[in-house]
Each structure stands twice: as C-alpha cells, then as structure tokens.
Amino acid sequence: MKTRILKETEMKEAARILENGGLVAIPTETVYGLAANALNEGAVARIFQVKGRAQDNPLIVHISEMSMLPPLLSDIPKKAQTLAKAFWPGPLTMVLPRSPLVPAIVSAGLDTVAVRMPSHPLARAVISCCGLPLAAPSANRSGSPSPTCAAHVLLDLKGKIPAVLDGGDCAVGVESTVVSLCGSRPRLLRPGGVTAEQLREALGDLEVASGVLHPLSPGERPASPGMKYKHYAPRAEVTLVKGSREAFARYLAQHAGPGVFALCFSGDGEGLPVPYVSYGAENDAKTQAKALFAALRELDRLGAQTVYARCPHEEGMGLAVLNRMLRAAAFRVVEAEKP
Ligand code: TXA
Ligand code: MG
C-alpha cells in the first residue's frame, strides 16, 4: 500500500478515508494518533493489526464537541464535567463508564472508555468534518517511541496505512494525561500534558496509580492495561542517572566505551567523554517533553547501544517526562556518586 502524505489543505481527504472505514495518522497537540472510526469494529481491528498492539490494550476515543460525549457514556460523573470545563480541549484523557454504543474492541472488553478532546486545530477539523468519534492510539509500532512529527509516523507505518495528515511538530510531545473517574477516588493512570498539580487543584483529590513511577510487582493488576507493556523504548539499553551535571560527567567517564551515548540536557553535552543527544533544558520540563521522543529515535539512528540519561526533575510536566524515561529504561535508575 502506498502511504499518502496529506497537507493541511487536504484535511477533507483524510476525513473521507476515515468515513469509509480507513486509517489515517493525524496530528494532535500531544503526539500523532493512528485514527479510525471508533464505531466501526472492523476499522478499529485494523488499528490493532497495523500497530502490532496487544488485544487487551484499550484505545482512546477522540471527540471535537461536548455533544459527542454523552452517547459514548453510560453515566457522566460530575467530576468529568469539572475536568472537561477546565482542561478540554487539551491533553487530558478521562476513563469513564462506557455505553453500549462503543464497540467492546475499542475498550478491550472493559466496561469503561477513555475519551479525550484534543486541542490541535487539524485534529478537531478532521473529527468535525467526518462527524465521527475517532479511536486513536499513538501512531507508532507498539513498543517504539511515540511519533511527534509525520516523518516519525512514516518510519514506523509507511506502506501499512493509506495516509498521514501532516500537521508539523507536536507542541506537547508526550501523550495525554490519563485519569480514571470510575473508582472511589480520581486516579492518575498516566502523567502527561495536564499536570498532577493541575488535576489536584481542580479535583481536590488525586491518587497516583502504582506503575507510574515504580514497576508493577509480579502478579499486580495494572490500573491501565498499557502499563504492562514495554513502551517508548529505543533499541539501546537505557539507564537513568541521578545527580548533578558534574556527577553525570564523572559517571560517564567511568562507563565510556563503544556504543555508549549520553542523553543530557541542552548545553550539558559539551565536554562529556561520550557522544550525546540532548532533550531540552534542565529547568524547563516542557522543552524536555517536546524533545524526548525525537531524541530517543535519534539515538537509534546513531546506533547507540547503551544510553546513560540524565534524570529529569519530577515537578509539573517533569512527572510525565520521568515516567516515559523510566519506561524507556525499564525502571533502571542509578545514583551518580558525589566526589
Ligand atoms: O495523547 C494521547 O493520548 C495520544 C493521542 C493520539 O491522543 N494517544 C495515546 O494513545 O497515547 P495510546 O493508545 O498510545 O495510549 C492510551 C493509554 C494506554 O496506556 C491504555 O492502556 C490506556 O490509555 N487506556 C485506554 N483506555 C483505557 C481504559 N478504558 N481504562 C484504562 N486505561 C485505558
Ligand atoms: Mg502509545
């Protein structure tokens, strides 16, 4: 299959493919999504096939207007209205009680459905133009870093999907925050573009699911099926290194060798004893989020085999960056010794 690259002006062509049950990779403010009509079981099944995604890992349904929400749900909790008012359109996904209108395959058989209203103008335009809720996971092959530009989508899915709608680079760069409103307390399942601090302020309460900052214990049931799977990983073995820039440089001097690379903050790489790729500024987690996935792909392109990465701070958007890096590193973290 030839994969067409559609320009912004060809948005209607993307909508037409979706209406006819096809798949299109579309830009959102977080990452590119591999979209299909969420109400068409066959189309949704092809998403799983194309990505090589585990059947038990549910998808997010994307809408462009509040009027599209009630038909997807069997109940709208008050907290969902609060969060929609505060953060939609934007990088927030809510897990809510699913209505029978949503095919079971979208939710991998769960009685909940994850819904989000993206803010990217092209994503909104496509959804509005076809008038359909769109199921869309990140448009990467399962397990590899999420795509933050059309070229990343092509690296993974060229020849497997009819089209990519090119909307340039994604502004946020990591996936949406996922919060479940189906339990007794609101629960953060995945940190993202809307911070835990912002959610706490809006809700007054928020539990962070285990699996966000620590690996699940053997046999522990994940709060979100996606937590079970290896994700965001480049081919190299990644280890996070905690400590100052100086401690990091000393650590690298002890661990330098063929195929060893550093993943550091911008301005930090100069003078390191190994080649490096940078991922944003130390004190600006938003720039880290925006650069991280491209940096992981760049390390693959350079043939890195072992990567030591400077550990980001945990506040604000830093929590999302840390979560993605921990998963890329399979939770391997070391402390660089002080002199
Ligand atoms: O920013 C994003 O959220 C992007 C863009 C395209 O919107 N999408 C995205 O989708 O990241 P995906 O499929 O890569 O990640 C969805 C995550 C998975 O970890 C999945 O397990 C979880 O959300 N999820 C989806 N439905 C769920 C549900 N009903 N209950 C619990 N977790 C759910
Ligand atoms: Mg994904």
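Predicted model: local features only at pLDDT ≥ 70, side-chain atom pairs only at ≥ 80, totals over all residues.
Biologist: Is strand 3 largely enclosed or left open by the rest of the structure?

Modeller: Strands are DSSP runs (E, at least two residues), numbered from the N terminus, as are helices (H or I, at least four). Buried means under 20% relative accessible area, with a 1.4 Å probe and protein chains only. Five of the five residues of strand 3 (residues 33-37) are buried, so the strand is largely enclosed.

Biologist: Which residue of strand 7 stands opposite Asn 37?

Modeller: Two strands pair if DSSP finds at least two bridges between them. Strand 3 and strand 7 (residues 134-135) pair in the antiparallel sense, over two bridges. Opposite Asn 37 stands Leu 134.

Biologist: How many residues lie between strand 2 and strand 3 in their hairpin?

Modeller: Strand 2 (residues 24-26) pairs with strand 3 in the antiparallel sense over three bridges. In this pairing, Ile 26 faces Gly 33 as its opposite residue. The number of residues between the two strands of the hairpin is six.

Biologist: Which strands stand at the edges of the open sheet of five strands?

Modeller: Its order is 14-13-15-12-16, with parallel pairing.

Biologist: Which residue of strand 15 stands opposite Leu 240?

Modeller: Strand 12 (residues 237-242) and strand 15 (residues 306-310) pair in the parallel sense, over five bridges. The residue opposite Leu 240 is Ala 309.

Biologist: Are helix 8 and helix 9 roughly parallel or roughly antiparallel?

Modeller: Axes are lines fitted to C-alpha atoms, for helices over the stretch in contact, and angles run from 0 to 180 degrees between N-to-C directions. The axes of helix 8 (residues 285-301) and helix 9 (residues 318-328) come within 8 Å and cross at roughly 25°. Angles under 35 degrees count as roughly parallel, over 145 as roughly antiparallel, 65 to 115 as roughly perpendicular and the rest as oblique. That makes helix 8 and helix 9 roughly parallel.

Key: Residues numbered from 1 in each chain as written. Chains lettered and ligands numbered in written order. Heavy atoms only, no water. Buried < 20%, exposed > 50% of the residue type's maximum accessible area, 1.4 Å probe, protein only.
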